[in-house]
Amino acid sequence: MSLQEEETPEIEADESELEALLDDLVVDRDDHMNAPAFVIRPDSVQETLGRLKNEAGYDHLSLVTAEEYPDRYESIYHLKKFDDPTDEVSVVVPTDAENPVSESAEPVFRTADWHEREAYDLVGIEYDDHPDLRRILLPETWQGHPMSRDYDQDRPQMVPLREHANPLQEDQRSDADSDTMFVNIGPHHPATHGVLHLETTLDGEQVIDVEPDIGYLHRNEEQMAQNGTYRHQIMPYPDRWDYISAGLLNEWAYARAAEDLADIQVPEYAQVIRTMGAELCRIAAHMLAVGTFALDIYGDFTAIFMYAIRDREKAQNILEDLTGQRLMFNYFRLGGVVWDLPEPRDEFFQKTREFVDELPDLLEEYHDLITGNEILQMRTVDTGVLPTEVAKNYGATGPVARGSGIDYDLRRDDPYGYYDELDWEVPVEDGCDNFSRLLVRLREVEESAKIIEQCVDILEDWPEDERNIQANVPRTLRPEDDKEIYRTVEGAKGELGVYIRADGTEKPARFKIRSPCFSNLQTLPEMSNGEYIPDMIAALGSLDIVLGEVDR
Amino acid sequence: MSSERELFRTDDAKVQTDTRDARMSGQGDRFNSKLREAFGSSPFILTKFDKFMNWVRGSSMFMLQFGIACCSIEMMHTYAVKHDLDRFHAGVPRASPRQADVMIVPGTIVSKFAPRMKRVYDQMPEPKFVVGMGSCTISGGPFQEGYNVIKGAEEVIPVDIHVPGCPPRPEALVYGVAKLQERIANGEASPVTVKPYELEQFGDLERDEIVDELASEIDEEDLVMRYNWADSP
Ligand code: SF4
């Protein structure tokens with residue numbers, strides 16, 4: 001991208017500073033397309049990350065990627081800054097093939113806890129002094145690590161259906177010997193937004209411990225992507241990560257990574273269409289989030305939920321006109337979009353305009369019904385508190401971070417598509433509670449509407465013979481061997497990223513998904529310990545998780 | 001409102017008094033179907049109790065509120081304003097399996113979830129029916145090749161109606177449910193086939209390599225589900 005070339009000198013300067021900072025720790029250098037990468041010894045992970053975090057300001061551990069090479073295992077820590085997400089650095093930790101053990105980053109970044117557990121589960125790297133290294137996505141009794149090279153996929157497996165421990169047993173009591181009770185919520189429960197299992201320990205009415213147990217929807221998305229060719233076979237899968245209609249936003253995450261990897265320039269016209277489509281998806285996703293949040297809080301399956309679905313339906317209708325599908329759009333192609341706006345264009349524009357124009361009034365209704373409602377306020381203000389620093393430490397992003405006062409939005413801070421040409425704002429609330437997260441979502445809908453309106457204006461005036469929806473893309477894409485890239489976009493739930501390592505074939509050698517919900521869900525215990533159960537349910541609802549994305 | 005404005009009064013001459021009169025004097029014409037005529041003066045019918053019960057079952061279905069994956073989003077739309085499954089006497093989703101008689105399985109079933117799903121299914125009272133929604137529930141759909149994905153709900157529980165699509169549109173699901181109702185009203189139900197993945201006690205399993213490997217971790221009495229990926233379709 002041209003933007004990057006201009007910035008090159010600055011990055012160089014940063015790099016030498018970093019080299020000086022990590023001088024004694026670095027054993028080798030590597031270069032990822034998105035960031036400089038430092039190779040370190042497996043026993044200096046905490047030291048390196050600590051220095052990068054405290055002295056160089058890399059306070060956002062975005063992703064941990066684990067992969068297996070023929071001769072070694074590798075964990076990659078992708079670091080960013082909350083102040084400037086374009087300032088990235090990767091830390092590569094190779095470990096030997098026989099005995100893959102490396103130091104855990106958990107003491108430095110809390111979020112590494114789950115990321116490393118996943119790396120252990122799927123790839124098989126072990127992390128020294130990790131607080132709780134067990135399987136996270138697959139059942140405990142699973143044999144082997146499915147993303148490792150010698151895994152035999154046809155091998156039989158066994159999964160137990162255990163009763164959870166008897167709550168009256170001695171070992172369920174807490175230290176203070178108060179009356180604790182163990183409650184399973186889910187994996188089949190209307191308040192868990194899908195197949196999530198919460199192992200909750202109660203002391204009287206209060207939650208003293210909650211442990212999300214995930215993996216009930218682990219559909220091997222990464223493996224699926226690794227089995228597909230870049231050009232066409234991967235694109236349908238992103239639709240199924242965050243399936244709450246955020247399809248285009250997810251597709252963009254893959255498109256952005258793959259396009260940069262293969263050096264494809266997307267025509268501007270296609271970028272505008274993408275931007276418009278993505279924001280329609282955001283509205284649809286937030287509508288459902290708001291509807292189900294109200295459902296969690298008042299158990300209101302009637303009014304608010306129906307209002308939300310009614311408005312979502314409108315966004316979906318427009319998206320259906322645009323893409324031909326209601327939910328799984330599969331509309332982006334590498335280098336553009338699959339087809340132009342539907343004919344007659346006027347009708348489409350008018351429909352979109354009408355939707356956007358009436359949104360402010362509709363939002364007024366939501367504010368009347370929800371945010372202005374005393375019961376809801378009593379239930380959400382000052383409950384589920386997630387302080388700013390804690391949110392950063394857990395790598396929370398999206399409305400969850402913005403509800404905790406973190407002014408971080410990749411559409412603005414790491415611009416892609418057409419966003420930097422448009423006029424809109426990033427809503428931030430500093431209440432850090434359930435209410436703030438709700439407010440952020442509602443305000444984001446308003447901003448999305450602004451973006452859509454501007455896109456419609458631009459598209460309407462676009463000269464007919466310059467409507468170029470596709471760049472020239474070779475029939476098969478074969479990015480060079482060992483090219484690595486990590487790119488993120490702002491999904492409906494937060495920072496959605498894709499890491500790809502190419503190996504010279506038409507399929508990626510490693511495809512890793514950074515899902516915002518995975519990191520966001522990790523904050524649940526912080527928000528709900530000490531609260532009542534209904535507040536925990538509210539906190540869970542305010543996180544707006546999608547299990548398809550948590551489990552991938 | 002200004003008080004000078006005249007109060008609104010219905011103009012009796014303009015309303016359709018025929019209908020009103022008919023209502024006031026007992027059964028209106030429009031209630032008199034051909035069938036009613038055939039019955040003559042006695043408004044009773046005789047039917048088999050089973051037939052009647054089947055009709056009742058098909059006409060009042062309690063769906064389990066069960067969301068698994070992407071398909072469940074379309075399922076929610078089916079329940080909600082525009083498509084309104086309630087119009088087809090199949091509307092109110094129940095949160096507990098104990099109160100439901102239809103389970104719509106909307107999504108991908110993976111190894112960790114399958115035993116739980118079976119448990120939920122087992123908790124539903126008889127007679128119970130299952131609508132499989134989407135390609136994943138039929139065959140594993142786009143994820144069929146995955147290392148962890150069950151190749152269709154039918155490997156675990158019996159399914160009465162399959163609604164294909166990824167995801168099926170709400171209209172398709174409504175159609176599937178209507179078909180199921182039709183079948184129930186006719187007294188048809190799918191045979192409960194023997195499924196490859198059943199829950200068994202760990203102690204009852206044949207001692208093979210995996211059982212030996214897991215013997216220290218799993219209790220004899222634990223229920224387990226054994227997945228034989230190579231042999232499933
Ligand atoms: S059939 Fe398609 S839409 Fe339905 S759960 Fe499977 S992947 Fe999702």
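Predicted model: local features only at pLDDT ≥ 70, side-chain atom pairs only at ≥ 80, totals over all residues.
Visitor: Why is the meeting of Glu74(B) and Arg326(A) called a salt bridge?

Guide: The cut-off is 4 Å between a side-chain nitrogen of Lys or Arg and a carboxyl oxygen of Asp or Glu. Here the N to O distance is 2.7 Å, so the pair passes. The count between chain A and chain B is five salt bridges.

Visitor: How do you know that β8(A) and β7(B) pair as strands?

Guide: Pairing takes at least two bridges. Five bridges join β8(A) to β7(B), residues 223-227, so the two count as paired. They run antiparallel. As an example, Leu161(A) has Leu223(B) as its bridge partner.

Visitor: What makes up the contact, and how much area do the chains bury?

Guide: Chain A brings 59 residues to the contact and chain B brings 58. Between them they bury about 5,300 Å², with 63% of that on carbon and sulfur atoms. On chain A's side, Met158(A), Leu161(A) and His188(A) supply 17% of the area buried against chain B, more than any other three residues.

Visitor: Why quote an area at all?

Guide: Because the accessible area lost when parts come together is often used to give the size of an interface.

Visitor: How many residue pairs are in polar contact across the interface, and which element of chain A gives the most to the side touching chain B?

Guide: The rule finds 17 residue pairs in polar contact, both residues at pLDDT 80 or more. As for the elements, α7(A) gives the most, with nine residues. By class, that side of chain A has 31 nonpolar, 14 polar and 14 charged residues.

Conventions. Residues numbered from 1 in each chain as written. Chains lettered and ligands numbered in written order. Heavy atoms only, no water. Contact = heavy atoms within 4.5 Å. Buried area = accessible area lost by both parts, 1.4 Å probe. Polar contact = N/O pair within 3.5 Å; in protein donor to acceptor, adjacent residues only side chain to side chain. Helix = DSSP H or I, 4+ residues; strand = E, 2+ residues; numbered from the N terminus. Nonpolar A, V, L, I, M, F, W, Y, C, P; charged D, E, K, R; others polar.
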